[in-house]
Amino acid sequence: MIRIPLMIVSWLLLASSAWAQGIECPDPRLAADLPKEIRTWFRNPDGSCVQCSIGMCGVDQNVPAAATLLWDTEYGRRERGGSGPSRVAGYCDRRGIRAFNVTGSSTWDWMKWAAETGRGAAIGAGSAHFQTFMGYDRQSGTWYVCNNNSPSRIDEYDEAAFRRLHLASGQWVVILDYPPHPARPRYFRWW
Amino acid sequence: MRLFVSLLLIVATCGSASAQTTGPEVDQAEVLRLGNMVQVVGDGLRASPETDAYVAAMGPPASDADKWFISVLSMKGCAGCEKLKKEWATNSWLLALANPTDPKQSWAHYAVYDKDDWSQAFRFENIKVTAYPTILVQPPRSGRYGEASTVVYQGVYGGDPEKLARDITQAIRQYVTKLQTVPVRGGEHGQVGIDPPWQPTPRVDPWQPQPQPNQPFLPFDPTIPPQPPAPTPAPAFPWSSVLSLMLAGFSLPAAIALVVWAVSFIRARRLAAGKPPIVDQKSLDQVLELLERLAESQAKPSSSGL
């Protein structure tokens, strides 16, 4: 008699652990390669979601001037608080960060380009919020996004859900104009 | 007046000529990248697929995702590292491979990683670096040249930019040549790599084979769809034996010839249908030899029979 509840509980445990695992870097479906430990450096401290998102892309593409936006460093004073495209343009100019600051209807294409070329992007996602776009799986139509309010996990969205998410904040993306990261190098005896 | 018209013509000619030449007339960077190379073109018989593949690899990349990766692993207070970074910005041999100041025009994606930068340390956990600056070369992200994580070249800068550039292109050439000649996937681990203990099903079937040494070359039929094997010709019917049987009565040699024909016929039919033969070729040969000897001994007249 007790077997059935036990089976249900164990099934629920298994299902919840599988759900909790989710997708993690490195994964071929993800364009950005940022381990969980590094993403948590960019947990949103004070409404600086735009800089958190750009900062993650800075680490991914090895651009220290962008990676250190949140802090006082040799690359410049910390940039905290809310931002719009003009503020982003200003601190990118000051720090010498090359970036595509894109607003309007072409943001979908820019995000897909970023994913195909192995780059992440800082994107409008959610009401007045910015998150880090981590990748797009064209085959399944899945978009991968890391929220700086919960940086230890990578959220997955289908096409419709991602469309709502992106439109909720207005169509604006920032993509660093630097080479993408190389795949983590490994030795294969090809010679 | 004539002089004025002539001057106008000269100016107009120069103007149109300069308008036509928007880019460089000779891609000198590509010439440097190729190094010593002879490619036979326009002749299918003498063409070398390896050389063709190498020339294609060293040409301008089709897209951002088709660019190779060159990573310089550097450290603070390292004279060689500073020298290399400076030379990479000025030396024509190194600029031909990667242009640090103009990533869009650069043939490869180029990045410098500091060994003390914790934010990047995770990338190089799987490789051994013993000296700085170390240069790593990896294939493009597109997968056109195999697994993008493969270390195609790793070396320490010795102070000679031309030698470094030649070493890199030579390694790429060897790698691309391997891709052309040895059919396989990347995945055999080396000293430090971490690979699964089994061969997983490939996620995406690569359009180009990848190298895996120590495996025999397996030729494949490129015909699509694959053609069925050519039918094995059936053995000719032994008309002479049948006629001699009918005319002269049954003799053992003629009967044996009929048996041999029947066995050969059944065997040929089975092989043509793709079925395994009932007996293997060696055993069949032995039986046939035995029957042949028996037939000969029967056909020979007795030495004493006059």
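1. Let's start with one pair of residues in chain B. B:Phe69 sits opposite B:Gln138, which belongs to S3(B). Keep in mind as you look around that this is a predicted model.

2. Now zoom out to the strands around that pair. Strand S1 (residues 68-74) of chain B runs antiparallel to strand S3 (residues 134-138) of chain B, and the two are joined over five bridges. If you're wondering what holds strands together in general, strands of a sheet pair through backbone hydrogen bonds, either parallel or antiparallel.

3. What is the strand order in the open sheet of chain B? Reading across, you get S2-S1-S3-S4, four strands with mixed pairing. The edges are strand S2 (108-114) and strand S4 (153-156) of chain B, each of which pairs on one side only. From one strand to the next, the twist averages 15 degrees.

4. Here's chain B as a whole. How many helices and strands does chain B have? There are 10 helices and four strands. Walk along from the N terminus and the elements of chain B come as α-α-α-β-α-α-β-α-β-β-α-α-α-α. Of the 306 residues in chain B, 22% are buried. Take the contacts in chain B between residues at least 6 apart in sequence: 69% of them link residues at least 24 apart.

5. On to chain A, which has seven helices and six strands. Starting at the N terminus, the elements of chain A read α-α-α-α-α-β-α-β-β-β-β-α-β. Buried residues account for 43% of the 191 residues in chain A. Among contacts in chain A between residues at least 6 apart in sequence, 60% bring together residues at least 24 apart.

6. Chain A has an open sheet too: six strands in the order S1-S6-S2-S3-S4-S5, with antiparallel pairing. Which strands are at the edges? Strand S1 (99-103) and strand S5 (155-157) of chain A are, each pairing on one side only. On average, and ignoring direction, neighbouring strands of this sheet are turned by 30 degrees against each other.

7. Find A:Ala122 and you can trace its bridge partner in S6(A), which is A:Val174. Helix H3 (residues 49-60) of chain A packs on the sheet, where it touches S2, strand S3 (130-137), strand S4 (142-146) and S6 of chain A. The direction of helix H3 makes about 45 degrees with that of S3(A).

8. You'll find A:Leu30 in the loop between helix H1 (3-21) and helix H2 (36-39) of chain A. Is A:Leu30 buried or exposed? A:Leu30 counts as buried because 21 other C-beta atoms lie within 10 Å, and the cut-off for that label is 20 or more. Leaving out residues up to four places away in sequence, A:Leu30 touches A:Ile23, A:Cys25, A:Met134, A:Gly135 and A:Tyr144. Check A:Gly118 as well: A:Leu30 and A:Gly118 are 88 residues apart in sequence, yet their C-alpha atoms are 8.0 Å apart in space.

9. Last stop: where the chains meet. Here 23 residues of chain A are in contact with 38 residues of chain B. Sorted by class, the side of chain A that touches chain B has 15 nonpolar, four polar and four charged residues.

Methods:
Residues are numbered from 1 along each chain as its sequence is written. Chains are lettered from A and ligands numbered from 1 in the order in which they are written. This is a predicted model: local features need pLDDT of at least 70, side-chain atom pairs count only at pLDDT 80 or more; totals for chains, interfaces and linings use all residues. A residue is buried if 20 or more other C-beta atoms lie within 10 Å of its own, exposed if 12 or fewer, and partly exposed in between; C-beta atoms are placed from the backbone. Two residues are in contact if their C-beta atoms, placed from the backbone, lie within 7 Å. Two strands pair if DSSP finds at least two bridges between them. Axes are lines fitted to C-alpha atoms, for helices over the stretch in contact, and angles run from 0 to 180 degrees between N-to-C directions. Ala, Val, Leu, Ile, Met, Phe, Trp, Tyr, Cys and Pro count as nonpolar, Asp, Glu, Lys and Arg as charged, and the others, Gly among them, as polar.
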